Amino acid sequence: MAEPQGRVRVDAWTWAVRLFPTRSAAGAACRAGHVRVNGERAKPATQVVPGDEVVVRGGARERKVVVERLLVKRVSAEVARASYLDRSPAPVPREQVAVAGVRDRGAGRPTKRERREIDRLRGR
């Protein structure tokens with residue numbers, strides 16, 4: 001497989017190394033400000049070179065990766081993992097994740113009094 005020389009668009013690279021499921025999703029994340037290259041907000045056409053740090057915010061996790069190899073075509077997961085150095089923080093254990101409030105099934109919507117108690121509990 002021939003590697004591109006020089007530089008590659010960040011939206012194409014993040015899609016090729018499987019950080020996003022589609023190229024359009026990668027471009028949308030760039031436009032929304034969820035992708036940074038070397039600390040700077042990245043547009044979809046921002047160029048990356050080996051050694052650049054790419055930070056992708058999405059979902060419940062932030063991914064920090066360093067570009068090791070340039071790719072423009074989507075590759076297998078093994079090749080994709082070898083194309084970057086993952087410096088992401090470890091995910092928070094499930095035991096430490098806050099549980100959302102649970103209501104009994106069939107209890108309906110909260111009453112006005114319950115809503116005030118909920119707001120008080122949340123500090124509003």
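Colleague: Why is Asn38 called partly exposed in this model?

Modeller: The model is a predicted one, and in it Asn38 has a relative accessible area of 44%. Buried means under 20% and exposed means over 50%, so Asn38, at 44%, is classed as partly exposed.

Colleague: Why is Arg18 called partly exposed?

Modeller: The relative accessible area of Arg18 is 41%. That value falls between the limits of 20% and 50%, and therefore Arg18 is partly exposed. Arg18 is found in the loop between helix 1 (10-16) and helix 2 (23-31), and has a positive phi of about 70 degrees although it is not a glycine.

Colleague: What makes a set of residues a nonpolar core, and which residues have the most contacts inside the largest one?

Modeller: Its members must be buried residues of the nonpolar kinds, Val and Leu among them, joined through side-chain atoms within 4.5 Å. The largest such core has 25 residues, and those with the most contacts inside it are Val10, Trp13, Leu19, Val35, Val48 and Val54. Two or more residues come from each of helix 1, helix 2, strand 2, strand 5 (53-58) and strand 6 (61-67). Helix 1 gives the most, with five residues.

Colleague: Which residues does Val35 touch, not counting those up to four places away in sequence?

Modeller: Val35 touches Val10, Phe20, Ala29, Cys30, Glu40, Arg41, Ala42, Val54, Val55 and Val56.

Terms used
Residues numbered from 1 in each chain as written. Predicted model: local features only at pLDDT ≥ 70, side-chain atom pairs only at ≥ 80, totals over all residues. Heavy atoms only, no water. Helix = DSSP H or I, 4+ residues; strand = E, 2+ residues; numbered from the N terminus. Buried < 20%, exposed > 50% of the residue type's maximum accessible area, 1.4 Å probe, protein only. Contact = heavy atoms within 4.5 Å.
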